[in-house]
Amino acid sequence: IQGSRRRYHNILENVPVVVFELAADRTVEYVNRTVELFGCAPEEVVGGNLVDHFHPADRAAWHALFEMSAEQLEVSATPVIRVQGAGSSPRYVNARLQRMDDGGYVGSLDDVTVQRRIEADLLIAQRLDSIGDLAARTAHDFNNLLTVILGNINIAQRRLGLDTAGGKELDLAARACDRATALTSKMLHFSKDWEPNCRPSDLGQLVTEALELCLSGSRIKPVLSI
C-alpha cells in the first residue's frame with residue numbers, strides 16, 4: 001500500500017495543477033509541489049489549512065464546498081478563488097473537492113489566471129468596439145448639425161460682410177465650426193481603427209484662434225509673443 005501511495009504521489013508531483021489531500025478536520029495531509037506557484041513550499045502548507053492562503057473575501061466560497069453533499073459537489077460549478085501568488089497580484093484558481101469514505105477530502109486548484117486575463121482583455125476590446133460604434137454615430141449626427149450651422153454662418157457673412165458689426169464674430173464662429181468638423185473626422189477615424197492623419201501645423205495660428213474664440217465678447221485684450 002505504501003509503495004502504491006508513493007507511486008501515486010510521484011505522479012502527482014508532475015501534474016500542472018495543485019492537488020491536495022485533506023484530513024477530516026480539513027488540515028492538509030498532502031499537496032504536490034505545484035503549490036509553489038502560489039508562493040509557498042509544500043512543507044509550509046502541510047499540517048495547516050488551505051483557507052489561510054485564500055483571499056478573505058473568497059473564503060466563504062471555499063467553506064461552502066464542505067457543506068455540499070457528494071452529489072452536489074459533482075454537479076455544482078467550481079468556485080473561482082483568489083490565492084496570493086508569488087508576486088504582488090493574486091492568482092485565480094478553480095477549486096474542486098471530493099469527499100472520501102474515510103471522512104477526508106481530495107481536491108485540486110486549477111490555475112486560471114491567464115484565462116481570466118484573456119477574458120478581461122476580450123471584454124475591454126468589446127467595450128472599445130462599442131465605444132467606436134457610438135463615436136461613429138455621434139460624429140455623423142454632429143457633422144450634420146455643423147453643416148447646418150456653418151451654412152447659415154456663411155450666408156450671414158455674405159449678407160453682412162466681414163467689416164460690418166458682427167462680421168469678425170461670424171468669422172470666429174466659422175473657424176470654430178471648421179475645427180469641430182476636423183474633430184468629428186478624428187472620431188470617425190477612431191471608430192474605424194484608421195491611422196491618424198498627422199501633418200505639420202502652425203501652433204501660433206492655433207493658439208491665436210483659440211484665444212480669440214475664448215475671449216470673444218470680453219473686454220480682455222490679449223498680447224501674444226510667439
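Modeller: Helices (H or I, at least four residues) and strands (E, at least two) are DSSP runs, numbered from the N terminus. By that reading, the protein has seven helices and five strands. The model is a predicted one, in which local features need pLDDT of at least 70 and side-chain atom pairs count only at pLDDT 80 or more, while totals for chains, interfaces and linings use all residues. Residues are numbered from 1 along each chain as its sequence is written, and side-chain values use heavy atoms, with hydrogens and water left out.

Biologist: In what order do the elements of the protein run from the N terminus on?

Modeller: The order is α-β-β-α-α-α-β-β-β-α-α-α. Contact means heavy atoms within 4.5 Å. Among contacts between residues at least 6 apart in sequence, 43% join residues at least 24 apart.

Biologist: What percentage of the residues of the protein count as buried?

Modeller: Buried means under 20% relative accessible area, exposed over 50%, and partly exposed in between (1.4 Å probe, protein chains only). Of the 226 residues, 28% count as buried. The protein exposes about 15,300 Å², and carbon and sulfur atoms supply 56% of this area.

Biologist: Which residues touch the most other members of the largest nonpolar core?

Modeller: In soluble globular proteins, nonpolar side chains tend to be buried together. A nonpolar core is a set of buried Ala, Val, Leu, Ile, Met, Phe, Trp, Tyr and Cys residues joined through side-chain atoms within 4.5 Å. In the largest core here, which has 23 residues, those members are Phe 20, Leu 22, Leu 50, Phe 54, Trp 62 and Leu 109. At least two residues of this core come from each of strands E1 (18–22), E2 (28–31), E3 (80–84), E4 (90–99) and E5 (105–111), and likewise from helix H3 (59–66). A second, separate core has seven residues, including Leu 146, Leu 150, Ile 153 and Ala 174.

Biologist: Which residues does Trp 62 touch, not counting residues up to four places away in sequence?

Modeller: Trp 62 touches Phe 20, Leu 22, Asn 49, Leu 50, Val 51, Phe 54, Ile 81, Ala 95 and Leu 109.

Biologist: How many cavities of 30 Å³ or more does the structure hold?

Modeller: Rolling a probe the size of a water molecule over the atoms shows where empty space is left. On a 1 Å grid over the protein atoms alone, a cavity is a set of points where a 1.4 Å probe fits but cannot get out; lining residues have an atom within 4 Å of a point. The structure holds one cavity of 30 Å³ or more. The largest cavity has a volume of about 50 Å³, and its lining consists of Val 35, Phe 38, Cys 40, Val 45, Leu 50, His 53, Phe 54, Val 83 and Leu 109.

Biologist: Is Thr 113 buried or exposed?

Modeller: Thr 113 belongs to helix H5 (residues 113–160) and is buried, because its relative accessible area is 3%. Leaving out residues up to four places away in sequence, Thr 113 touches Arg 91 and Tyr 92.

Biologist: Where is the place of Asp 110?

Modeller: Asp 110 lies in strand E5 and is partly exposed, because its relative accessible area is 25%. Apart from neighbours within four places in sequence, Asp 110 is in contact with Val 17, Tyr 92, Val 93, Asn 94 and Arg 96. Asp 110 and Arg 96 are 14 residues apart along the chain, and their C-alpha atoms are separated by 8.2 Å.

How values were computed: On a 1 Å grid over the protein atoms alone, a cavity is a set of points where a 1.4 Å probe fits but cannot get out, and a pocket is an open set with protein on both sides within 12 Å along at least five of seven lines; lining residues have an atom within 4 Å of a point. Grid points are joined across faces, edges and corners, and a volume is the space filled by probe spheres set on the points. Accessible areas come from the Shrake-Rupley method with a 1.4 Å probe; for residues, only the protein chains shown count as cover.
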